[in-house]
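Keep the structure open while you read.

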Amino acid sequence: MQRRRLTRYWVLLPCAALILFLTACGAAAGGSSSETTLLPTARIAGTTEPIEPLQLELPITTTRAEPEATVATPVVPVVMPQLPTPRNGPGDLPYPLTLTRLNFGVVGHLYYTDRRTTLSKAREAGFRWFRQQIHWRDIEDRSGALLWGDLDSIVADVNNAGMLLMINITRSPTWYTSNGADGLPDDPTTLARFAGALAERYRGRVHAILIWNEQNLAYENGGTIGPDDPGHFVEIMAATYTAIKAADPSIIVVAGAPASTATNDPAIAMDALSYLQAMYTYKDGMIRDYFDVQALHPGGSANPPETLYPENPSQAQGWTDDPSFYFRHVENQRRVMEEAGMGHHQVWITEYGWATANTSPGYEFGNQISFETQRDYIVGAIRYTAEHYPWVSNMFLWNLNFTVLQREAGRDPMHEQGSFSIVNADWSPRPAFWGIQQAIAEISAMP
């Protein structure tokens, strides 16, 4: 999950059973539910100490319910737009799959680390969803055999912790790419075969699958990025969506987020808005039928979440003169979706956050952000989303525990990845941890 800083734009790069599985297709097609289910006391595999139960709502529905008026809470969510009832999709479930209300998740890492503490801290902060990135190249060998390894334990532990799991697939085996890199595969059926096998193996236990990450970056695309690549990504989405839904129709299929950038250089990136436009217009909007949710990555830099260039620019030092540096750039990306007729698909913000002091070149903006400011900006983004973005139904904070991973690996403790974390290397919470906990509790308690 390496991150790279590109000139003049900010990139956040990561480098049902719990979605109550509908056993009768007829029941699924009959509509949504707002009932909650209390999970039994859960244990993480290999431990003896119980974890307190967590209440989870059935997340799949066709609309988000209109909230009742309230004066007792500081956040007043906007009303979800009333959209036509979607058609039935795979498994006779509503299409596209959506969530009933704003959910909260976190990006973290569960491989080869203290998984029990990671999940416990995620729960303590109030997150319901956990996003784990996997590298396809590390699971499939040249013979086509799939060596799932520690992923079996990770899936079991997330479920036993009472959390919903989104798997983010990245990094092709090199033999599936024409240049021997690990970007998107040349043949969409190769990724479809892998994604379908993953959905089948973890049926009912993986609740969303995110296809790729920031694929408008040349680095993530295999080394270069050109005008034909958004269309190629649509073909990959079509193949993988079909394979995943054949294995488990209840999995939410999420189209990968473009990086928040205004750069257009084949060796570096394609700007986010152009990439989305090209995706949505390819073959007369073909992608419409092959994703449930669009992932988006807003900017941040050192800019407060309510600011946006040019109408309300930030007063931070640097990284302020383009919308791609701002959290609210997500509005511009959503506008592209709506203009292309994709407005009935919800958005998940699959990475957002603010760096603090660090020594990584290109992330100097973090040196303007104290731990207290980080708290205020993250909480502000959560509240701004709840109040202004009814089309966003999930937010994944970047990140939970990269400070800990850096310590465990003997890496520079001032590396930028850890600067985005909400815990210190010894697991002690930073101010953002407690601010997030309070904000999520308040918003989640609303009708």
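Leaving aside residues up to four places away in sequence, Ile211 touches Asn168, Ile169, Leu191, Phe233, Ile236, Met237, Thr240, Ile244, Val254, Ala255 and Gly256, where contact means heavy atoms within 4.5 Å. This is a predicted model, so local features need pLDDT of at least 70 and side-chain atom pairs count only at pLDDT 80 or more, while totals for chains, interfaces and linings use all residues. Residues are numbered from 1 along each chain as its sequence is written, and side-chain values use heavy atoms, with hydrogens and water left out.

Is Ile211 buried or exposed? Its relative accessibility is 0%, so Ile211 counts as buried (under 20% relative accessible area; exposed is over 50% and partly exposed in between, with a 1.4 Å probe and protein chains only). Ile211 sits in strand S6, residues 208–211. Asn168 is 43 residues away along the chain, yet the two C-alpha atoms are 6.1 Å apart.

Now for the barrel. Eight strands close up in the order S3-S4-S5-S6-S7-S8-S9-S10, with parallel pairing. From one strand to the next, the twist averages 25°. Take S4 (residues 129–135) and S5 (residues 164–170): they pair in the parallel sense over seven bridges, and Arg131 has Met166 in S5 as its bridge partner. Strands count as paired if DSSP finds at least two bridges between them; helices (H or I, at least four residues) and strands (E, at least two) are DSSP runs numbered from the N terminus.

On to the helices. Two pairs are set out here, with axes as lines fitted to C-alpha atoms over the stretch in contact and angles running from 0 to 180 degrees between N-to-C directions.

| Pair | Axis distance | Angle |
|---|---|---|
| H4 (residues 188–201) and H6 (residues 229–247) | within 8 Å | roughly 30° |
| H9 (residues 371–388) and H12 (residues 431–444) | 8 Å | about 20° |

H9 is therefore roughly parallel to H12, a label for angles under 35 degrees. H9 also passes H12 in a right-handed crossing, meaning that the near helix is turned clockwise from the far one by less than a right angle. The H9–H12 contact divides into 10 nonpolar, two polar and four charged residues.

H4 and H6 are likewise roughly parallel to each other. Among the residues that meet there are Leu191 and Ala195 in H4, and Ile236 and Thr240 in H6. By class, the H4–H6 contact has 10 nonpolar, three polar and two charged residues (Ala, Val, Leu, Ile, Met, Phe, Trp, Tyr, Cys and Pro count as nonpolar, Asp, Glu, Lys and Arg as charged, the others, Gly among them, as polar).

Methods
Angles under 35 degrees count as roughly parallel, over 145 as roughly antiparallel, 65 to 115 as roughly perpendicular and the rest as oblique.
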